[in-house]
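Subject: Handover of a structure

Dear colleague,

Please find below the structure that I am passing on to you. I should be grateful if you would look through it before you read my notes.

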Amino acid sequence: MNRRLSLLGGFALLGLVSLGAGMAVRRRRARVPEPLPQMPAGEFAAAHVPLAAPQGPLRVYHLGHSLVGRDMPAMLAQLAPEGHDYASQLGWGTSLRAHWLGPDEVAGFAEENASPAFRPVREAIGSGAYDALILTEMLELRDAIKWQGSGNYLAEWARLGRLARPDLRVYLYETWHQLDDKAGWLQRIDGDAVSLWQDEVMRRAMAAEGVGTIYRIPGGPVLAAVARAAEAGELPGVSSREDLFARTPEGAVDPIHVGDLGNYVVALTHYAVLYQRSPEGLPAQLTRADGSPAQAFDPRAAARVQQLVWQFVSSDPLTGIGP
């Protein structure tokens, strides 16, 4: 907290007292609650009954950070049935807790939300106008769980959404860690899927009253499956995981933010989970949120990527896709 205090003459003591009281209030507000208990594994599995496939376009709300971004939801809208609509609230590496506490706690709030897609999250959710709420957590995920109360705030957002819309579909969008993670990028994605995203975030959130079932959009695991296929020579024109990621202005690989190809993979994953349809046959050439043409997979590679996406999400019971 970078606050400047001016102490003038006889007001010095009063100023110090006021500052101390204000800091105490913020500390109370910012206190991270004790972790919720875990929902028993059997109950958690039983809760994930298949959802009915949507019969038309959806209205979707995205809450998160730059691994949601602007381009991925825009690509999803191009893949989805006509009439698909979306809005979002984003920040820089923002936790679910920071979004809950309000815009003053969200780094980059003004910059990330200078977009036609922006709609304040409480206004949006409270309207009951959205069919699906997609939430994601900040990274490093282990830090978010320890210091940001990930399961607690996932529960708060899900409960708030269902107060306004009892039939709201709530999803946790699972992302990925940095390419240069010391434990290994693929290893972290594989290991975190159950031990952190599922057991420490989803199972704790779903143990709270009024939360209901939270389904999964496995963005990181699908991205890992596509990276493995690229490195196995299955995707013409794409040979490494780095090809899925953005480049810095200096030309280096951005270790965390995906580029057009990665955003396409994640958008396909969202499409397959939300609409419960195979993405096979969908267009490969899309545009970014600003209307400019996005880099596209070779048609043969795109067909294989679409197949991989459907194989993964349709075999995952946490996505809500039926047999």
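Which residue just after α11 takes a positive phi? Please bear in mind, as you look for the answer, that this is a predicted model. The residue is Gln276, and its phi is about 55 degrees.

Helix α11 covers residues 260-275, which makes 16 residues.

Thr175 is found in the loop between β4 (169-173) and α9 (185-205). Is Thr175 buried or exposed? Its relative accessible area is 2%; because a residue counts as buried when this value is under 20%, Thr175 is buried. If residues up to four places away in sequence are not counted, Thr175 touches Leu67, Thr136, Leu139, Trp197 and Gly220.

Asp243 has its place in the loop between α10 (219-231) and β6 (245-247). With a relative accessible area of 26%, Asp243 is partly exposed. Leaving aside residues up to four places away in sequence, Asp243 touches Val238 and Leu261. Asp243 is also 16 residues from Ala227 in sequence, while the two C-alpha atoms are 8.7 Å apart in space.

Finally, here is the chain as a whole. Its secondary structure comes to 12 helices and 7 strands. The radius of gyration is 21 Å, close to the 20 Å that the globule rule gives for 323 residues, so the chain is as compact as a globular protein of that length. Along its principal axes, the C-alpha trace spans about 75 × 50 × 40 Å.

Of the 323 residues, 51% count as buried. The chain exposes about 14,600 Å², and carbon and sulfur atoms supply 54% of this area. Among contacts between residues at least 6 apart in sequence, 75% join residues at least 24 apart. The chain has 30 positive and 35 negative charges, and the mean positions of these two groups are 7 Å apart.

With kind regards

Key
Residues are numbered from 1 along each chain as its sequence is written. This is a predicted model: local features need pLDDT of at least 70, side-chain atom pairs count only at pLDDT 80 or more; totals for chains, interfaces and linings use all residues. Side-chain values use heavy atoms; hydrogens and water are left out. Helices (H or I, at least four residues) and strands (E, at least two) are DSSP runs, numbered from the N terminus. Buried means under 20% relative accessible area, exposed over 50%, partly exposed in between (1.4 Å probe, protein chains only). Contact means heavy atoms within 4.5 Å. The expected span of a helix is 1.5 Å times one less than its number of residues. The radius of gyration is taken over C-alpha atoms; the globule rule is 2.2 Å times the number of residues to the power 0.38. Accessible areas come from the Shrake-Rupley method with a 1.4 Å probe; for residues, only the protein chains shown count as cover. Lys and Arg count as positive and Asp and Glu as negative; His and the chain ends are not counted. The place of a charge is taken as NZ of Lys, CZ of Arg, CG of Asp or CD of Glu.
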